[in-house]
Amino acid sequence: TAQFPQPSFPGRNLVRVIPLSVELNGKIIEQVEEIKPGSLPSFANKQLSPHLISPSPDYFSRIFSELNGAYREILCIFLSSELNDCYSNSLAALQSQRGNAIHIIDSQTASIGLGILVQTAAEAASRGFSIVEIDKLIRSIIPKIYAVFSVPGLSYLHFNGFVDQAQAFVSEMLGLFTIFSLEEGRLSPIEKVRNQRHVIDFFQEFLDEFDHLHHIAILQSAPANPQDSHLIREHIQQYFPRSPFTAHPINLPLAALLGPRALGIFVVEGDNSHHN
């Protein structure tokens, strides 16, 4: 699910992205680029309930064997183990590996948060950091990454096994926007609001909890709503003029998990920031 703040960065040639598959209408889509998130329905149902499929332990074993032939050391950073089985399946595959050092990290995040970690690791590797130093660096950044999502309707989360059917039905019947935080890798509902304006207000209040941020990123819904991005961007420019800021369209794996209309904010807390 990784989305990188910069398309190219030092060490990009050292990065191997492991693709997730998406099941849609009973069909497994291996190349997620084949389908645009905006083509997914606003709400999932029994006939059309996209969900993520992680690579199997056998797949990871093959990848590890292949990479072992080219590299002395391998560092794996996967999306949150609470959202998908990538982390646990890679650990299972590790049992059959011999020889080279393979470090596996549960990022406790996804999407842009995961991209930031991978980019940081690649840049450190390109500067000659040892794998132990990179492992320690990444683990020190993980607790500083925060994310919140607005999810209009919960049918996608229901069919991915995160909320029960009654919750999803009531949420969509009432037209509620549920706000989730991604804390320690888990999606936790923290608020329900009535409309998109209240979502933007919540996001602005979330940003205002921090004094200093290393990076701020908007995860845009599909189709994107320019007005939402504009309001958040204005707030960031006013209160965090020195913080790097990027905007990213939601990708298919995350859209299959949260629904294409999900909107999100990722932040990386600065060393001297105070988080209320």
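The structure is a predicted model, in which local features need pLDDT of at least 70 and side-chain atom pairs count only at pLDDT 80 or more, while totals for chains, interfaces and linings use all residues. Residues are numbered from 1 along each chain as its sequence is written, and side-chain values use heavy atoms, with hydrogens and water left out. Helices (H or I, at least four residues) and strands (E, at least two) are DSSP runs numbered from the N terminus.

**Largest pocket**

- The largest pocket holds about 1400 Å³ of space; a pocket is an open set of points on a 1 Å grid over the protein atoms alone where a 1.4 Å probe fits, with protein on both sides within 12 Å along at least five of seven lines.
- It is lined by 50 residues, of which V15, R16, V17, I18 and V118 are the closest to its centre; lining residues have an atom within 4 Å of a point.
- Strand 4 (73-78) is among the elements that supply at least two lining residues each, as are helix 1 (57-68), helix 3 (111-126), helix 4 (131-141) and helix 9 (252-258).
- The largest share of this lining, six residues, belongs to strand 4.
- By class, the lining of the largest pocket comprises 36 nonpolar, seven polar and seven charged residues.

**Second largest pocket**

- The second largest pocket contains about 340 Å³ of space.
- Among its 16 lining residues, I116, T120, I141, H214 and V268 are the closest to the centre.
- Helix 3 gives the most to this lining, with four residues, and helix 4, strand 9 (213-220) and strand 11 (263-269) each supply at least two.
- The lining of the second largest pocket has five nonpolar, seven polar and four charged residues.

**Paired strands**

- Strand 1 (residues 21-24) runs antiparallel to strand 3 (residues 51-53), joined by three bridges; two strands pair if DSSP finds at least two bridges between them.
- Strand 1 also pairs with strand 2 (residues 27-29) in the antiparallel sense over three bridges.
- E23 has H51 as its bridge partner in strand 3 and stands opposite I28 in strand 2.
- Two residues lie between the strands in the hairpin of strand 1 and strand 2, where N25 takes a positive phi near 55 degrees.

Notes. Grid points are joined across faces, edges and corners, and a volume is the space filled by probe spheres set on the points. Ala, Val, Leu, Ile, Met, Phe, Trp, Tyr, Cys and Pro count as nonpolar, Asp, Glu, Lys and Arg as charged, and the others, Gly among them, as polar.
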